[in-house]
Amino acid sequence: MSNIDHLIDLCSGKYSELSVSECCTLIKPPKKIQRKDYLTEGKWPIVDQGAEKYVAFTNDEDSLLPLSEYVVFGDHTREIKYISERFAQGADGVKILKNTENITPKFLFYSLTNLHIKDLGYSRHWKMVKDLKIKVPPIKVQEVIVQTLEAFTDLIEKNATELINRKIQYNFYKNKILKPENLEKIQEEKVSCYEFSTICDYVRGVTYNKTKEVLDPSLDCWKVLRANNINLERNILFLDDIKLISRDVKVKDEQKLKSGDILICAGSGSKNHIGKVAYIEEDMDFTFGGFMAVIRPQSKLNSKFLYYVLTSKEFADYLKASLNTSTINNLNSTILSKFKIPVPSLDVQDKVVSILDSFTKYEASLTKEMELRKKQYSYYREKILHKL
């Protein structure tokens, strides 16, 4: 940081304040790849305005931009990407920017990511962004700033790679250890499998009229968890965007969340979200909506063991096969009833839970570290670029 402070002090007042449009030119692609022509595998990547760097692939060489460094701006999404290889543009809503000679491509990229771009919904944003101002110091200072910011992004990428690898390792091990034949090795005797309906209770959530929704959280009301409150990737609860409803709505005791409950998404517009679960660690002053359900195991099942079974590939495959027979995305008790659950002794269940919990905690620590790195990166990026 001292090197950057020194360079900024040396050129204090020597930077130019330019509009975004003065720092780049718009590049028109040779052609745009339509969504119907996207390939899952191919020679060259397709870049669109989505969050992922590459959305798909193409073998159409005539669609490629010349090899260079570009900044891609999502006109509707405000996503900003740095691309330094040949690529094709996917569909509409993309602005491809080429830096002018007074600014390096990566400094342009970092400057754009540091702008506070107002969200206009699905309107186009470039008409506003092109007139926003950025500070452009001498090239030498730009290069040192980029080098420093890239040190942070490298750390973030390393953390992300390790997190992905650990998730792959964890899921492989979890799916392996939960197979009946492997549970039998731990137990040293046969493990019986039981149908879901014989050892679990399934409780659907509260239904209510929209007129019963409450906007003021200070009022006495029910707090309702919905599908958006379960993270699809990590199977954890997000307690933001909570729906509030009047106490006039009848909520049964069984519809209140208790320690050891497994909250599951039972209805959604997307089949990808059906069956996602979160484990309830303690009694909560919450209920859950009609598109949700709670699973409560009976005495022979450790609820955390059941939770891990419900996050396994075995359960995901079962749901995929079951839901493919219906056009309605609704996970009812009839569909669940035939799912077979391996049930070793409670001692073995406890042992499996302890092993899988250790993986989960390590994964959570990696996730937390990556989030801290991202915050640290954002802090220094803003501090450096605003200090010019």
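Trainee: Which residues does Ile 295 touch, leaving out those up to four places away in sequence?

Mentor: In this predicted model, Ile 295 touches Phe 196, Cys 200, Asp 201, Tyr 202, Asp 261, Ile 262, Ile 264, Leu 306 and Leu 310.

Trainee: And which residues have the most contacts inside the largest nonpolar core?

Mentor: They are Tyr 202, Ile 295, Leu 331 and Ile 341, in a core of 38 residues. Helix H7, residues 303-310, gives the most to this core, with six residues. A second, separate core has 33 residues, including Cys 23, Val 71, Trp 126 and Phe 152. As a general background, nonpolar side chains tend to be buried together in soluble globular proteins.

Trainee: How much of the protein is buried?

Mentor: Buried residues make up 44% of the 388 residues. The protein has 10 helices and 19 strands, and its C-alpha atoms fill a box of roughly 75 × 50 × 45 Å along the principal axes.

Trainee: Let us turn to helix H8. Which of its residues are buried?

Mentor: Helix H8 spans residues 313-323, and its buried residues are Phe 315, Tyr 318, Leu 319, Ser 322 and Leu 323. They cover an arc of only 115 degrees around the axis, so they lie on the same side of H8.

Trainee: What is on the other side of H8?

Mentor: Lys 313, Glu 314 and Lys 320 are exposed there.

Trainee: And what covers the buried residues of H8?

Mentor: The cover includes strand E15 (262-265), H7 and helix H9 (333-337).

Trainee: How many aromatic pairs are there?

Mentor: The count comes to 12 aromatic pairs. One of them is formed by Tyr 318 and Phe 339; this pair is tilted, with 5.1 Å centre to centre and 55 degrees between the planes.

Trainee: Where in the chain do Tyr 318 and Phe 339 lie?

Mentor: Tyr 318 is in helix H8, whereas Phe 339 is in the loop between H9 and strand E19 (340-343). The two residues are 21 apart, and the pair links distant parts of the chain.

Trainee: Is Phe 339 buried or exposed?

Mentor: Phe 339 is buried, because its relative accessible area is 3% and the cut-off for buried is under 20%.

Trainee: Which residues form an aromatic cluster?

Mentor: Tyr 82, Phe 109, Tyr 110 and Tyr 377 form one aromatic cluster.

Trainee: Which charged ends sit over rings?

Mentor: The charged end of Lys 223 sits over the ring of Phe 286, 4.6 Å from its centre. The charged end of Arg 247 sits over the ring of Trp 222, 3.9 Å from its centre.

Trainee: Now the strands. What is the order in the open sheet of four strands?

Mentor: The order is E3-E8-E4-E5, and the pairing is mixed. Strand E3 (32-33) and strand E5 (56-58) are at the edges, each with a single partner strand, so one side of each has no neighbour in the sheet.

Trainee: How do E4 and E8 run, parallel or antiparallel?

Mentor: Strand E4, residues 44-47, and strand E8, residues 88-90, run parallel and are joined by two bridges. Val 47 stands opposite Gln 89 in E8.

Trainee: Which strands are joined to E9?

Mentor: Strand E2 (residues 24-27) pairs with strand E9 (residues 94-99) in the antiparallel sense over four bridges. In E9, Ile 96 is the bridge partner of Ile 27. Strand E6 (residues 70-74) is also antiparallel to E9, again through four bridges. Here Phe 73 stands opposite Lys 95 in E9.

Notes:
Residues are numbered from 1 along each chain as its sequence is written. This is a predicted model: local features need pLDDT of at least 70, side-chain atom pairs count only at pLDDT 80 or more; totals for chains, interfaces and linings use all residues. Side-chain values use heavy atoms; hydrogens and water are left out. Two strands pair if DSSP finds at least two bridges between them. A nonpolar core is a set of buried Ala, Val, Leu, Ile, Met, Phe, Trp, Tyr and Cys residues joined through side-chain atoms within 4.5 Å. Buried means under 20% relative accessible area, exposed over 50%, partly exposed in between (1.4 Å probe, protein chains only). Contact means heavy atoms within 4.5 Å. The arc is that of the directions from the helix axis to the C-beta atoms. Rings of Phe, Tyr and Trp (its six-membered ring) pair if their centres lie within 6.5 Å; planes under 30 degrees apart count as stacked, over 60 as edge-to-face and the rest as tilted. A charge sits over a ring if NZ of Lys or CZ of Arg is within 6 Å of the ring centre and within 35 degrees of the ring normal.
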